[in-house]
Amino acid sequence: MAKQGRKTDDQLLRNRRVASMKSMYFNRFILARYSLAIFFFSNFLLAYLCFPEIAGIGAVGMLIMAILPIWEMGKMYGDKAPKYKMTKYFFVLQWFFNLILIFMTALQPVSKTFPFLTDISTSRIVMLVVLVIGLALVTFVLYRFYQIDRNVDKAYRRIEFFEKKYRLHI
């Protein structure tokens, strides 16, 4: 009877370690998941506030494009090598969308791009700062994907150490 209890404890420990590994693989994408949520709600707000204008139409398009990446991120848990092709495409599109909005904001009256703002320099500066921060975030997420694709991120090194130490594989 004692052997069976010991075996159950060992199996329970192994299951916990496997669950930890699954979480480690999933958490490699934590920046992308949170960034996707930020851009989804930012695009939603932009679509709500600007819809008849080109910025609002573009934001609606980005909202539609966000559906597949959200689905991909949701089904990613437990996969050692998850597929996130549509998520990459979304972030590339978001990068171009932000860049286009930056040019529109810089080259034409702010109220034409963002009808909820007035044509003063403060509005232009605030929107340019927000858009540049968004562009930087997207760039960082795309760089993170580059690291993940080549398994050179810190999280992957921790996962390798964990796999070797406990001789586990998903």
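**Reading salt bridges in a predicted model**

Trainee: At 1% relative accessibility, does Asp153 count as buried or exposed?

Mentor: Asp153 counts as buried, because buried means under 20% relative accessible area. Keep in mind that this is a predicted model.

Trainee: How many salt bridges are there?

Mentor: The general idea is a side-chain nitrogen of Lys or Arg within 4 Å of a carboxyl oxygen of Asp or Glu. Here the count comes to 3 salt bridges.

Trainee: Which residue forms a salt bridge with Asp153 at 2.9 Å?

Mentor: That is Arg28, with 2.9 Å between the closest N and O atoms. Asp153 sits in the loop between α7 and α8, and Arg28 in the loop between α1 and α2, so the pair ties together parts 125 residues apart in sequence. Arg28 is also buried, at a relative accessible area of 4%.

Trainee: Which residues are linked with Arg28 in a network of salt bridges?

Mentor: Arg144 and Asp153 are linked with Arg28 in that network. Arg144 forms a salt bridge with Asp153, where the closest N and O atoms are 3.6 Å apart. Both Arg144 and Asp153 are buried.

Key
Residues are numbered from 1 along each chain as its sequence is written. This is a predicted model: local features need pLDDT of at least 70, side-chain atom pairs count only at pLDDT 80 or more; totals for chains, interfaces and linings use all residues. Side-chain values use heavy atoms; hydrogens and water are left out. Helices (H or I, at least four residues) and strands (E, at least two) are DSSP runs, numbered from the N terminus. Buried means under 20% relative accessible area, exposed over 50%, partly exposed in between (1.4 Å probe, protein chains only).
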